[in-house]
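Colleague: I would like to learn how to read a model like this one. Please take me through it feature by feature.

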Amino acid sequence: MNQVFSKILLATTISVFVVGVIFGWQYFGQLKLGKSFQIKAGQTMLVPSEGIQIKFTDVLEDSRCPKNTQCFWAGQATIKIHISKETQDFGDFDLTLGEDKNLVAQYFDKYSLKFLKLNPYPTSPKKVHIE
């Protein structure tokens with residue numbers, strides 16, 4: 001079974017990034033401002049120093065052109081994330097990788113969140129052999 005995960009970048013207005021992962025209430029590492037991070041579908045990221053929680057809730061679309069195929073359009077991938085900071089709920093945001101670079105980032109409070117990558121990348125179905 002393929003695990004769906006996304007690579008996201010969280011930056012403050014001074015371009016600082018976030019790294020780390022938690023799942024449910026179990027911590028897998030202490031998150032610090034400074035780097036991009038990977039998050040699996042259903043997981044929540046916590047940035048303790050900022051009180052920020054980011055949950056990857058869904059893949060809304062993945063129409064990216066599969067590997068080893070030729071497509072008229074490169075396609076795009078859209079994910080839904082939920083963001084809160086301490087007692088403030090910023091709500092759901094859609095982030096889209098594709099031709100429109102304006103959809104790849106969202107802004108909240110003094111932060112920006114940028115969608116960098118979605119894995120696994122689509123692959124083409126098995127080739128049909130004609131005899």
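Modeller: Start with β7, which is covered on both faces: Thr44 and Leu46 on one side, and Met45 and Val47 on the other, are all buried. Buried means under 20% relative accessible area, exposed over 50%, and partly exposed in between, with a 1.4 Å probe and protein chains only. Strands (E, at least two residues) and helices (H or I, at least four) are DSSP runs, numbered from the N terminus. This is a predicted model, where local features need pLDDT of at least 70, side-chain atom pairs count only at pLDDT 80 or more, and totals for chains, interfaces and linings use all residues. Residues are numbered from 1 along each chain as its sequence is written, and side-chain values use heavy atoms, with hydrogens and water left out.

Colleague: In what sense do β7 and β8 pair?

Modeller: Two strands pair if DSSP finds at least two bridges between them. β7 and β8 have four bridges and run antiparallel. Valine 47 stands opposite isoleucine 52 in β8. The hairpin has four residues between these strands, and glycine 51 takes a positive phi near 70° there.

Colleague: How many helices and strands does the protein chain have?

Modeller: There are zero helices and 12 strands. Of the 131 residues in the chain, 37% are buried. A contact means heavy atoms within 4.5 Å. Among contacts with a separation of 6 or more, 44% are between residues 24 or more positions apart.

Colleague: Which residues touch the most other members of the largest nonpolar core?

Modeller: A nonpolar core is a set of buried Ala, Val, Leu, Ile, Met, Phe, Trp, Tyr and Cys residues joined through side-chain atoms within 4.5 Å. The largest one here has 21 residues, and those touching the most other members are Ile54, Ile79, Ile81, Ile83, Phe108, Leu113 and Phe115. Strands that each supply at least two residues of this core include β8 (52-62), β9 (77-85) and β12 (111-119).

Colleague: How is a pair of aromatic rings described?

Modeller: By the distance of the centres and the angle of the planes. Rings of Phe, Tyr and Trp (its six-membered ring) pair if their centres lie within 6.5 Å; planes under 30 degrees apart count as stacked, over 60 as edge-to-face, and the rest as tilted. The count here is three aromatic pairs. One of them is tilted: phenylalanine 93 and phenylalanine 108, 6.4 Å centre to centre with 40° between the planes. Phenylalanine 93 lies in β10 and phenylalanine 108 in β11, so this pair ties together parts 15 residues apart in sequence. Phe90, Phe93, Phe108 and Tyr111 form one aromatic cluster.

Colleague: How many salt bridges does the structure hold?

Modeller: A salt bridge is a side-chain nitrogen of Lys or Arg within 4 Å of a carboxyl oxygen of Asp or Glu. The structure holds three. In one, the closest N and O atoms of arginine 64 and aspartate 62 are 2.7 Å apart. Arginine 64 is buried at 10% relative accessible area, whereas aspartate 62 is partly exposed at 37%.

Colleague: Where do the partners of the other salt bridges lie?

Modeller: Lysine 80 and aspartate 94 meet at 2.8 Å, N to O. Lysine 80 lies in β9 and aspartate 94 in β10, so the pair ties together parts 14 residues apart in sequence. Aspartate 109 and lysine 85 also meet at 2.8 Å, N to O. Aspartate 109 lies in the loop between β11 and β12 and lysine 85 in β9, so that pair ties together parts 24 residues apart in sequence. Lysine 85 is buried at 15% relative accessibility.
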